[in-house]
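Colleague: I am new to this structure and would like to go through its packing and its rings. Could we take it step by step?

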Amino acid sequence: MEGSRHEQQKQSLSDLIPVIDLAALNGDHIDEFERRRIITEIAHACKTWGAFQLVNHGIQPHVIERARAKACGVFELPNETRWKAKRSPGSLSGYGNGAVIADAVNNEIASEAITFGYPNSEADVIASIFWPRGNPGFSASIDDYNEESHELALKVVRLMVEGLELHGNLAHFQPYLTEHFGVLRINNYPASEHPTRDIGLPPHIDDTLLTIVHQGCEVEGLQVKKDGQWVTVPPRGDVMVVLVAAVCQVITNDNYKAVLHRAVPNRDKARLSMVYSAYPPANIFITAAPEFVSPAHPPLYKPFTWSEYLSGQVTHILNPIDGLQTVEREGETQNQTSESSESSSKLD
Ligand SMILES: O=C(O)CCC(=O)C(=O)O
Ligand SMILES: [Fe+2]
């Protein structure tokens, strides 16, 4: 009885994760009223959930399916072959496992990932390591998906910025609207005999601008934290899940909230997720926009550049400006006050 009530509650919270339909933006004639409605829905989702689901997002189903099918082939290769393409320090592309944050309770990190930079994916180089005799279409399928994800990320960032109601005063946000680079990360979570003990990816906030997840239509695993509860994002093949990430929270001074999320493994089936992370421009100062700063609302986080972050000079993006809290990189001492402060780029 108690169990089924709990199930029902879990179910209804999943149903409440905003679903936003971008169909009105796809045609030649865009209805301004509809566009404004979409922007309002996105802004509301960014303020309340830090996450939303996009349908009619514009990425062609065959591009998604082809990339998923080709990516699956990577995880069917023998272990030693996969490690031949190990991502080297400083590179965005290559193979690695999902260990993100040193875990304190001896759980297994039950995931692996192959990453491809954007715009330079090196998918052809990686393919030639995995399949010396060739794998026609591998790099094209990854590059197509990477390109479309990048386009979608830019589209979503523009809508999110419009939702901030800056009345045309876009100066602070302009660099984020035009250029960015990123990483496509394809995660594989093998079926786990101990799904409640093992960890697919531990709770974390993405250390980027924005994340777009395609989790397939079959196996659930992505959960977001809302009002203290883990809420499962239902797997849907037609949905792209957008996760607000740490840089968005910094530049909006907490108007938009980065979402804490995790991936849990499944007992029976392996799960594959394709995750595009949009990076901010490399050399601008990432700091709160003047519109969100006043004597009553000073900037909450320390300014930094993405180059500093990538070179390891900045260890934690959501580092409060009062300096009370510090979080070190994986493997070093963690001095964290709450789970919600966890943050990681998973590029280590
Ligand atoms: O697998 C997922 O659904 C989420 C993956 C994720 O959070 C990540 O790669 O940052
Ligand atoms: Fe993530």
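Modeller: One term first: buried means under 20% relative accessible area, exposed means over 50%, and partly exposed lies in between. The model is a predicted one.

Colleague: By that rule, is F181 buried, exposed or partly exposed?

Modeller: Buried needs a value under 20% and exposed a value over 50%. F181 has a relative accessibility of 23%, so F181 counts as partly exposed.

Colleague: Which aromatic residue does F181 pair with, and in what geometry?

Modeller: Planes over 60 degrees apart count as edge-to-face. F181 forms its pair with Y279, at 5.4 Å centre to centre and 70° between the planes, so by that cut-off the geometry is edge-to-face. Y279 is buried, with a relative accessible area of 2%. The partner asked for is Y279, and the pair is edge-to-face.

Colleague: How many residues apart are F181 and Y279?

Modeller: F181 lies in the loop between helix 7 (174–178) and strand 5 (182–189). Y279 lies in the loop between strand 12 (271–278) and helix 9 (306–310). The pair links distant parts of the chain, and the separation is 98 residues.

Colleague: Which residues do ring pairs link into a cluster?

Modeller: One pair is F130 with W131, edge-to-face at 5.5 Å centre to centre and 80° between the planes. F130 is buried at 4% relative accessibility, and W131 is buried with a relative accessible area of 16%. The cluster linked by ring pairs is F116, F130, W131 and F138.

Colleague: Which residues touch the most other members of the largest nonpolar core?

Modeller: The largest nonpolar core has 78 residues. Helix 6 (residues 138–162) gives the largest share of this core, ten residues. Leaving aside residues up to four places away in sequence, I186 touches A71, F75, F116, I142 and L272, among others. The members that touch the most others are I186 and L210.

Colleague: Which charged residue lies over the face of W49?

Modeller: A charge sits over a ring only if it is within 6 Å of the ring centre, besides a limit on angle. The distance here is 5.3 Å from the ring centre of W49, and the residue is K226.

Note on methods. Residues numbered from 1 in each chain as written. Chains lettered and ligands numbered in written order. Predicted model: local features only at pLDDT ≥ 70, side-chain atom pairs only at ≥ 80, totals over all residues. Heavy atoms only, no water. Core = buried A, V, L, I, M, F, W, Y, C linked by side-chain atoms within 4.5 Å. Buried < 20%, exposed > 50% of the residue type's maximum accessible area, 1.4 Å probe, protein only. Helix = DSSP H or I, 4+ residues; strand = E, 2+ residues; numbered from the N terminus. Contact = heavy atoms within 4.5 Å. Phe/Tyr/Trp six-rings, centres within 6.5 Å; stacked < 30°, edge-to-face > 60°. Lys NZ or Arg CZ within 6 Å of the ring centre and 35° of its normal.
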